[in-house]
Amino acid sequence: MSNPVKNFPRHIEAIWTGLKYLVKPNRMTVYYPEYFVEPSEGYRGLIRYYPDKCIQCGLCAMVCPAGAMKMYVKKGEKKGRPGVNYQRCIFCGFCVDICPQDALEMTKIHDVAFERFEDLVFPPEKMALEPVSPALKMGAKKVKPVFDEERGLRHESA
């Protein structure tokens, strides 16, 4: 068991830090949806599908470790086109990486919400649409995080 007298200076330091930020708050959060922080390069959000590039090979569905990617076959066609179930998707990007024609692409859009589970299933037609952030649709201001030596993390206009 530790000595309370030895720990007293640490307690005072912790209380001082708390009081300092109570008086002069050092905000690190962004007021979403008024402000939108654009994810960095390589971010894995919703998947975009380009049907004109697709050769219907089915590799994307075969490689999906979560079983989220499925091939949808239309009447009169022998091969299917990919669709994704975001209830299962783990955003690993394997489907995008394996596609030989670059018909799949990870977007930076991640902040969508759905009212029903059925809305999380994206057939090929829905995957082919450009996903849009609801915040940006509402006119949110884009900001980017910047590290300030004096203040810490702050956000400035992008």
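1. Throughout this note, buried means under 20% relative accessible area, exposed means over 50%, and partly exposed covers what lies in between, with a 1.4 Å probe and protein chains only. On that scale D119, at 21% relative accessibility, counts as partly exposed.

2. The model is predicted, and local features need pLDDT of at least 70, side-chain atom pairs count only at pLDDT 80 or more, while totals for chains, interfaces and linings use all residues. Residues are numbered from 1 along each chain as its sequence is written, and side-chain values use heavy atoms, with hydrogens and water left out.

3. On salt bridges, where the criterion is a side-chain nitrogen of Lys or Arg within 4 Å of a carboxyl oxygen of Asp or Glu, the structure holds seven. One of them joins K142 to E38, with the closest N and O atoms 3.1 Å apart. Because K142 lies in strand β7 (residues 141-148) and E38 in the loop between β1 and β2, this pair ties together parts that are 104 residues apart in sequence. Helices (H or I, at least four residues) and strands (E, at least two) are taken as DSSP runs, numbered from the N terminus. K142 is partly exposed at 36% relative accessibility, and E38 is partly exposed at 37%. Both residues also belong to a network of salt bridges that links E38, E41, K108 and K142.

4. A further salt bridge connects R48 with E130, the closest N and O atoms being 2.4 Å apart. Since R48 sits in strand β2 and E130 in the loop between α4 (124-127) and α5 (134-137), the pair ties together parts that are 82 residues apart in sequence. R48 is buried, with a relative accessible area of 14%, whereas E130 is partly exposed at 49%. The salt bridge between R116 and the D119 of point 1 has its closest N and O atoms 2.9 Å apart, and R116 counts as partly exposed at 47% relative accessibility.

5. The strands β3, β4 and β6 form an open sheet in the order β3-β4-β6, with antiparallel pairing, where two strands are said to pair if DSSP finds at least two bridges between them. The edge strands are β3 and β6, each of which pairs on one side only. Strand β3 (residues 69-72) meets β4 over four bridges, and within this pairing M69 has V84 of β4 as its bridge partner. On the other pairing, β4 and strand β6 (residues 121-122) are joined over two bridges, with V84 standing opposite F122. Four of the five residues of β4 are buried, so this strand is largely enclosed by the rest of the structure.

6. The structure holds three aromatic pairs; rings of Phe, Tyr and Trp (its six-membered ring) pair if their centres lie within 6.5 Å, and planes under 30 degrees apart count as stacked, over 60 as edge-to-face and the rest as tilted. Y86 and F91 are stacked, at 5.7 Å centre to centre and 15 degrees between the planes. F114 and F122 are edge-to-face, at 5.9 Å centre to centre and 90 degrees between the planes. Together Y86, F91, F114 and F122 form one aromatic cluster.

7. Some backbone values deserve a careful look, because most residues other than glycine have a negative phi, and most peptide bonds are trans. F91, in the loop between β4 (81-85) and α3 (94-98), has a positive phi near 55 degrees. Q56, in the loop between β2 (47-49) and α2 (59-63), has a positive phi of about 60 degrees although it is not a glycine, and Q56 counts as buried at 18% relative accessibility. A cis peptide bond with omega of about 10 degrees joins Y32 and P33, and P33 lies in the loop between α1 and β1 (35-37).

8. K53 lies over the face of Y50 at 5.1 Å from the ring centre, and K70 lies over the face of Y72 at 4.9 Å from the ring centre.

Technical notes:
Lys NZ or Arg CZ within 6 Å of the ring centre and 35° of its normal.
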